[in-house]
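Hi everyone, thanks for coming. I'd like to walk you through one structure today, so let me put it on the screen.

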Amino acid sequence: MIVFLVNGKEQRVDVSPDTPLLWVLRDKLGLTGTKYGCGEGLCGACTVHIDGRPERSCITPVGDVQGKKVVTIEGIPENHPVKKSWLAQDVSQCGYCQPGQIMSAVALLASKPSPTDADIDSAMSGNLCRCGTYGRIRRAIHAAGGRRARKGGSRS
């Protein structure tokens with residue numbers, strides 16, 4: 001039995017410890033906001049927070065989160081500045097990568113409340129968006145952090 005906290009609630013799952021956390025979240029706990037992308041930890045669609053750090057749930061064995069705190073996109077309040085900014089900046093197109101993008105942005109702003117463009121590019125570099133909304137993502141992160149985006153950024 002593996003015991004850990006998910007979005008503040010204790011969860012007990014009886015699965016093999018090498019089962020990817022992503023599948024436990026989606027299939028056992030019904031938290032389908034976290035998406036499967038590449039399955040190799042390269043695209044960031046499956047990003048969750050583990051003890052406050054953004055991690056790829058598709059390559060994290062659930063046994064590694066025993067006794068830890070996991071936060072999924074469902075654990076980020078709807079009135080969180082990042083979620084509100086995402087809507088205000090009309091970031092999403094297809095939306096598939098957005099939960100992972102938001103999880104990385106929330107972690108960035110928790111550690112650096114007023115990031116520079118370079119900070120954002122570095123923190124978000126592991127999250128891929130096939131729609132190319134990187135300019136909007138950057139503006140949303142600046143707005144959520146209370147800083148206006150610099151002029152000259154991409155319109156995508």
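Let me begin with how patches are built: they take residues with over 30% relative accessible area and no salt bridge, joining like charges within 9 Å and nonpolar side chains (Val, Leu, Ile, Met, Phe, Trp, Tyr) within 5 Å. A salt bridge here is a side-chain nitrogen of Lys or Arg within 4 Å of a carboxyl oxygen of Asp or Glu. Accessible areas come from Shrake-Rupley with a 1.4 Å probe, and for residues only the protein chains shown count as cover.

Two housekeeping points. This is a predicted model, where local features need pLDDT of at least 70 and side-chain atom pairs count only at pLDDT 80 or more, while totals for chains, interfaces and linings use all residues. Residues are numbered from 1 along each chain as its sequence is written, and side-chain values use heavy atoms, with hydrogens and water left out.

Now the surface. Trp23, Tyr36 and Tyr96 make a nonpolar patch of about 290 Å². Tyr96 sits in the loop between helix H2 (81–88) and helix H3 (98–111); helices are DSSP runs of H or I, at least four residues, numbered from the N terminus. Tyr96 counts as partly exposed because its relative accessibility is 40%, given that buried means under 20%, exposed over 50%, and partly exposed in between.

Let's go inside. A nonpolar core is a set of buried Ala, Val, Leu, Ile, Met, Phe, Trp, Tyr and Cys residues joined through side-chain atoms within 4.5 Å. The largest one has 17 residues, and Val82, Trp86, Ile102, Ala105, Met124, Ile137 and Ile141 have the most contacts inside it. At least two residues each come from H2, H3, helix H4 (117–124) and helix H5 (134–144), with H3 giving the most, six. Apart from this core lies another of 14 residues, including Phe4 and Val65.

Which residues does Ala105 touch, leaving aside neighbours within four places in sequence? They are Val82, Trp86, Met124 and Ile141, with contact meaning heavy atoms within 4.5 Å.

As for H5, its buried residues include Ile137, Ala140, Ile141 and Ala144, and the buried residues of H5 pack against H2, H3 and H4. Just after H5, Gly146 takes a positive phi of about 85 degrees.

Finally, the cysteines. With a disulfide defined as two cysteine sulfurs within 2.5 Å, the count is zero.

Conventions
Buried means under 20% relative accessible area, exposed over 50%, partly exposed in between (1.4 Å probe, protein chains only).
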